[in-house]
Amino acid sequence: MSPTALPRRGTLWSWTVQRSRPKPPYQGPDEFEPFAVGYIDLGPLRVEARLAGKAAEAWTIGEPMQLAIGEADTEGNHWSYWFEGAPS
Amino acid sequence: MSVSIVGVGLHPFGRFDVSGRTMGLVAANRALEDAGLAWSDVGFAAGGSRDSGHADALVSELGLTGVPFVGVYNGCGTGGSAMLTATHAIESGTTDVALAVGFDKHARGAFGSNPADYGLPDWYAEQGLMVTTQFFALKIRRYLHDHGLDARLLAEIAAKALRNGSITPHAWRRKPLSADEIASAPMVNDPLTSYMFCSPSEGGAAVVLMETSRARQLRNDAVELKAIEFRTRRFGTFEVFNPWLASEVTHGATVDAARAAFEAAGIGPGDIDVAQLQDTEAGAELMHLAECGFCEHGEQGRLILDGQLDVGGSLPVNTDGGLIANGEPIGASGLRQVIECVVQLQGRAGDRQVPGTPRTAFTQVYGAPGISTCTVLAR
């Protein structure tokens, strides 16, 4: 196995809204807000990620998406990432 | 060698003040009583449970006869695996009489999952992606999109399940709801509302299997197990807890298991009179109808809206209300499906009896991470 760079842009393949707080080890803010989750079709494969940038129930299959990267967790173990809408 | 079912036993599904293993014991004793056999007649047993202990420990109450008793676990497919194991014991000549049993008692609410158990990193769950109900929603939304199906069908399927549950004494959910009420209930994961999901529950189920020539001497309404086939997933299937998917989705394990079962039985989906399909949520039944070969992908709307899947329809499906009305005690669920088919074929299903003397039946249990066991049964 070797690392392969994936495209940062793709299209939304499917999505849903998480409307209740997931069980541990979920690490979200104390005040739970529903969030969107989806698979983004990048061509070589489809990756699962949280979706952000607009209302959780406002997504459409096929819309253009792009990767966004946030801060590392408190121990610096991993970076958080999500996908948001991209200009078509 | 042919195998037949000579006894079935259920502990009702729902919420009860007894332990999971007690429910397994009740089911096993009822199955033996139904067969007119004693525990000492059983030459091999197999059973499983997720949360209620070791199945083989039931020998403490059933009797310390020294019988070989194999414990099995395959997630939601555990009941199917117990039956497969018991069937193989008869086919191999190990014994003429075998018992398969499953039972469980789960905590309320959706199952939690530990990432390490699935070979996944902690961040997958920490981000809120490791939720089973999300998977069902993501899968059915894409399926509806690909096949031009209306999300309304999901409410119709759940309404049928609750309608059948309302006339099934052992079911947990006994109150019928209209498709409108189901569609307008709170969303769990869009497009699936709370009434479209099954919930973890409690219950027990057992069957007694016997070599067919002996079975026919024992009772003239023994149900022959024409086929039982178990398959795991191939590369590219869309299963629960996948951080990524292949660019082309392959058909699921159910397609392989159903095809193999029909081939072994020598009949096709069009010959089946009654079926029980895995309906973890309403979308699962919708997809499994096509995966098992009962219609083409995208043709489900006609079957559902015309009432063909109702008790009085051309292909009654989930006649006891399925998982949606019974909930899911993991160890017992797959055996409940088989038991419902047996009582339908024997004409003792009461208010939910399929009219016109059904002769053939089919069951399909599906579980994480991509397993399926299908059976074909006949009188």
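Predicted model: local features only at pLDDT ≥ 70, side-chain atom pairs only at ≥ 80, totals over all residues.
User: What confidence does the predictor give the complex and chain B?
Analyst: The complex has an ipTM of 0.94 and a pTM of 0.96. Chain B has a mean pLDDT of 96. Of its residues, 100% reach 70 or more.

User: Why is L84(B) called buried?
Analyst: The cut-off for buried is 20 or more other C-beta atoms within 10 Å. L84(B) has 21, so L84(B) is buried.

User: Where does L84(B) lie, and which residues is it in contact with beyond its neighbours within four places in sequence?
Analyst: L84(B) lies in helix α3 of chain B, residues 78-91. Leaving those neighbours aside, its contacts are I228(B), F230(B) and T373(B). For V376(B), the C-alpha to C-alpha separation from L84(B) is 12 Å in space, against 292 residues in sequence.

User: Why is strand β3 of chain A called largely enclosed?
Analyst: The strand covers residues 45-51. Of its 7 residues, 5 are buried, so the rest of the structure largely encloses β3(A).

User: How do you know that β2(A) and β3(A) pair, and in which sense do they run?
Analyst: Pairing needs at least two bridges. Strand β2 of chain A, residues 35-41, is joined to β3(A) by 6 bridges, so the two strands pair. They run antiparallel. G38(A) stands opposite A49(A) in β3(A).

User: What lies between the strands of that hairpin?
Analyst: The hairpin of β2(A) and β3(A) has 3 residues between its strands. In this hairpin, G43(A) takes a positive phi near 105 degrees.

User: What makes β3(A) and β9(B) a pair of strands?
Analyst: The count of bridges decides, with at least two needed. β3(A) and strand β9 of chain B, residues 244-246, have 3 bridges, so they pair. The sense is antiparallel. V47(A) stands opposite W244(B). L45(A) has A246(B) as its bridge partner.

User: How many residues of each chain are in contact with the other chain?
Analyst: On chain A, 27 residues are in contact with 25 residues of chain B. β1 (9-18), β2 and β3 of chain A each supply at least two residues of the side that touches chain B. β1(A) gives the most, with 6 residues. By type, the residues of that side of chain A divide into 13 nonpolar, 8 polar and 6 charged.

User: What secondary structure does chain A have?
Analyst: Chain A has 0 helices and 5 strands. Along the sequence, the pattern reads β-β-β-β-β.

User: How much of chain A is buried, and what box do its C-alpha atoms fill?
Analyst: Buried residues make up 28% of its 88 residues. Taken along the principal axes, the C-alpha atoms of chain A fill a box of roughly 35 × 35 × 20 Å. Among its contacts between residues at least 6 apart in sequence, 50% join residues at least 24 apart.

Technical notes:
Residues numbered from 1 in each chain as written. Chains lettered and ligands numbered in written order. Buried ≥ 20, exposed ≤ 12 C-beta atoms within 10 Å, placed from the backbone. Contact = placed C-beta atoms within 7 Å. Nonpolar A, V, L, I, M, F, W, Y, C, P; charged D, E, K, R; others polar. pLDDT = per-residue confidence, 0-100.
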